[in-house]
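Biologist: I am new to this structure and would like to learn how to read it. Could you take me through a few features, one at a time?

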Amino acid sequence: MTAKIKVENLTKVFNGNYKTVLKRLQKGESKEQILKETGITVGLNNVSFEVQEGEIFVIMGLSGSGKSTLLRCLNLLNVPSAGSIFVDGSNIVKYTKKELKEFRQTKVGMVFQHFGLFTHRTVLKNVEYGLEIRGVPKEERTEIAKKTLAAVGLEGWEEHFPSQLSGGMCQRVGLARALANDPDILLMDEPFSALDPLIRREMQLELLDIHARLKKTIVFITHDVNEAFKLGDRVAVMKDGVIEQIGTPEEILANPANDYIAEFVQDVDKTKVLQAKNIMFKPGALVSIKDGPKVAIREMRDAGISSVFVVDNERRLQGLVTIDDALKALQERRELQDILIKDYYTTGPETSIEELLPLASTTKYPLAVVDDNNKLLGIIVRVSVLSALINGQTEKEE
Amino acid sequence: MLHNCSNHLNIMQAFPELISFKLGVYVEKFVEWLLANFMGFFDALNRVIRWFLLNTEAFLQWLPWWVLVLVVFLLGWRYKKLSAGILYAFFLSLIGVFGLWELTMTTLAIVLTSVIISLLVGIPVGILMSYQAKVEVVIKPILDGMQTMPSFVYLIPAMMFFGLGMVPAVFATVIYSLPPVIRLTNLGIQNVSKEMVEAAYSFGSSTWQTLLKVQLPQALPTIMTGINQTTMMALSMVVISSMIGVQGLGYEVLSGISRIEIARAFDAGLSIVILAIIIDRISQGIADKYRISE
């Protein structure tokens, strides 16, 4: 993977000259203090990050954190006061007017919070807009627009006006309008936050689906932690014009960089973010299929547990042995092979806790986490699932 | 001591005569200077406006009365409702019944010419204002002045520039009726949702494309209201401009008053009201249609 977008030391101030606040920023004066003393609003302060090709990069923060300002810098709707933005290696901040127009027409599409649809144009004419600006012939752009509308499930609505559509449908039009230009990069400014929860969830899934099909690089803004963690391959948390932390949802949940982020992610729905691999641990005891019941009993006794997983020499899961069966087998001089139990649950490493929860609460044995080759990666006990829900800290350290 | 004191009181009561400055004198000088140096320009302007005016008037006079009545009926029907169309057509016929048809056409020609000039000037100025905050700061007080300055004050210079007759009347009418279309064009464009404009730019639209494809269509209902207001104000100048010898309904009212012929003044006055109502309702109807289809 290569960096599609590379942002370096980006700073944006409003209502004034950048140079007058530069020293203050370097001294580390707070945003409020600068605003009070100079009347200059610091939107972004020395922001750097990279977005990989084909990635969904979520920028999350409360209102006023600078996330929308940052997004608008990526297509120069906001002109940065300082810093560079490289897209495919060329610095868009240095673009001439003509280059910028071409960049906006071909490389980047934007979806807005309140849709930003042209209310005097029909749905079809809205979707055609970008192509019209590019000078695509009428028949061709109508055809593309119709196809794109069909792709977002709005076939048959071409001749309606945006005012006749529901919010969810309006945002589909917004999405189609951005996609019609076939840009590499989609900028999405809180696109789903004006929608009701049910429609929002539907749209989130649809976005993931579109992303899987079209492989666009997406920069997505939200103030909703759950949305950020659900959609984002990586998430940047912003506060007061500064990026506080960048990482995968799991990384941020497991190791919040500071108290602010810890608080921010406190009310995240962990069941959807945390996966089996985040809460599983290495089994304290493991028995090889070649060992006898005696070894199994000793392993269980040492670890203080009443059942143990049995693997072959390549660590492939063979079954489970309970202490009762092992004792019986020892007396009857039988092999481990004969007393293996198979009625435990196995799961993949990427299964979310939400799905593990019902399994964990019904089985009396630990859950086995295995990969595609049935190799045992770790185990999950009921207590680790439940405690993960309570404090969000993974049980890895155990 | 006593003397001094009363002097003080005088200064407090009446504005001190020492501080006296007559701005008007300089304005007069400026007008004279314009006349001396730019007569050619005013002559050319005069000829263009007169040409347009006379042709419009000739066209309206040529138009059979029933065609105009029919047009008014159809417009009323289309943009309001059937009964409104019938009512407007009936009112318009009343003017003919009063025997004032020809005078009304003259008045209408002046109003139409004034409105067209106002739009040609006003809409671009309004657009410029909405784009440039500095232009707005300069133009707003000028607009206030245009609307509140008694019209006789610029009727006289208008006469000096264009002589007697219809052209100075058009000039004065334009000055009086220009502000609403400027203000409402400015307002309409500024009120276009910020996101919509951002969306236009995000697709790589140029400033022109954004203006023509997004801002103007979005501002159209508001601009239509401005056009309606401008037309109404142009109509209300008709009587005043008759004072510099313009023929038409206004002149009829004026001479009716000066000869104390109440009947004559009333018929002409009522005709102006009828014209105003018809133009207002139809243009408002058109503006509303744009608003609804939004």
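Modeller: Gladly, and keep in mind that this is a predicted model. Let's start with helix packing: two packed helices are described by the angle between their axes and the distance between the axes. Here, take helix H2 (residues 23-62) and helix H8 (residues 166-190), both of chain B.

Biologist: At roughly what angle do the axes of H2 and H8 of chain B cross?

Modeller: They cross at roughly 95 degrees, and the axes come within 9 Å. Angles of 65 to 115 degrees count as roughly perpendicular, so that is the word for H2(B) and H8(B).

Biologist: Which residues meet where H2(B) and H8(B) touch?

Modeller: From H2(B) come Asn46(B), Ile49(B), Arg50(B) and Leu53(B), and they meet Met166(B), Val167(B) and Val170(B) of H8(B). By type, the residues of this contact are five nonpolar, one polar and one charged.

Biologist: How many helices and strands does chain B have?

Modeller: Chain B has 13 helices and zero strands. Its C-alpha trace spans about 85 × 65 × 45 Å along the principal axes, and 38% of its 294 residues are buried. Looking at contacts in chain B with a separation of 6 or more, 75% are between residues 24 or more positions apart.

Biologist: Now for strands. What is the strand order in the open sheet of chain A?

Modeller: The order is S14-S15-S16, three strands with mixed pairing. Strands S14 (346-347) and S16 (376-380) of chain A are the edges, each pairing on one side only. Strand S15 (residues 367-370) of chain A runs antiparallel to S16(A), and four bridges join them. For example, Leu367(A) has Ile380(A) in S16(A) as its bridge partner.

Biologist: Which helix lies across S14, S15 and S16 of chain A?

Modeller: That is helix H17 (residues 353-362) of chain A, which runs at about 140 degrees to S15(A).

Biologist: Finally, how should I think about a nonpolar core?

Modeller: In soluble globular proteins, nonpolar side chains tend to be buried together. In this model, the largest nonpolar core has 169 residues, and Val219(A), Ile380(A) and Val170(B) have the most contacts inside it. H8(B) supplies the largest share of this core, 14 residues.

Biologist: What does Val219(A) touch, leaving aside residues up to four places away in sequence?

Modeller: Its contacts are Val51(A), Phe57(A), Ile59(A), Leu71(A), Leu74(A), Ile185(A), Leu187(A) and Met188(A).

Methods
Residues numbered from 1 in each chain as written. Chains lettered and ligands numbered in written order. Predicted model: local features only at pLDDT ≥ 70, side-chain atom pairs only at ≥ 80, totals over all residues. Axes fitted to C-alpha atoms, helices over the stretch in contact; angles between N-to-C directions. Helix = DSSP H or I, 4+ residues; strand = E, 2+ residues; numbered from the N terminus. Parallel < 35°, antiparallel > 145°, perpendicular 65-115°, else oblique. Contact = placed C-beta atoms within 7 Å. Nonpolar A, V, L, I, M, F, W, Y, C, P; charged D, E, K, R; others polar. Pairing = 2+ DSSP bridges. Buried ≥ 20, exposed ≤ 12 C-beta atoms within 10 Å, placed from the backbone. Core = buried A, V, L, I, M, F, W, Y, C linked by C-beta atoms within 7 Å.
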